Amino acid sequence: MYLKASRASETDYVFPESQVVDSVAIYGWTTVPIAVMNNGEECSFNFNEESATLLVSLPKGVYPDQVGVQLLF
């Protein structure tokens, strides 16, 4: 499964260095992945079976339009 962020429209806007995504929460998830990657870099993650939530910690410095989470099974 691959989750990718993208801009809603074409723009020249440049994200400031401080505007980054630290984590992604996926609700309603029921399966533990073998690994989670963001644009080819392995990420740590925590699966909570009770709340059916997968919390993915992204590497430092991921801009909002550079989120590309891949779940490996």
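Me: What relative accessibility does D65 have, and what does it count as?
Reply: D65 has 24% relative accessibility and counts as partly exposed. Buried means under 20% relative accessible area, exposed over 50%, and partly exposed in between (1.4 Å probe, protein chains only). This is a predicted model, where local features need pLDDT of at least 70 and side-chain atom pairs count only at pLDDT 80 or more, while totals for chains, interfaces and linings use all residues. Residues are numbered from 1 along each chain as its sequence is written, and side-chain values use heavy atoms, leaving out hydrogens and water.

Me: Which residue forms a salt bridge with D65?
Reply: R7 does, with the closest N and O atoms 2.9 Å apart. A salt bridge here is a side-chain nitrogen of Lys or Arg within 4 Å of a carboxyl oxygen of Asp or Glu.

Me: Where do R7 and D65 lie?
Reply: R7 is in the loop between β1 (2-4) and β2 (23-27), and D65 is in the loop between β5 (53-57) and β6 (68-72), so the pair ties together parts 58 residues apart in sequence. Strands are DSSP runs (E, at least two residues), numbered from the N terminus.

Me: New topic. How many aromatic pairs are there?
Reply: The whole structure has 3 aromatic pairs. Rings of Phe, Tyr and Trp (its six-membered ring) pair if their centres lie within 6.5 Å; planes under 30 degrees apart are stacked, over 60 edge-to-face, the rest tilted. One of the pairs is Y13 and F15, edge-to-face at 5.3 Å centre to centre and 90 degrees between the planes.

Me: Is F15 buried or exposed?
Reply: F15 counts as buried, at 16% relative accessibility. F15 also forms a stacked pair with Y63, 6.4 Å centre to centre and 15 degrees between the planes.

Key
Helix = DSSP H or I, 4+ residues; strand = E, 2+ residues; numbered from the N terminus.
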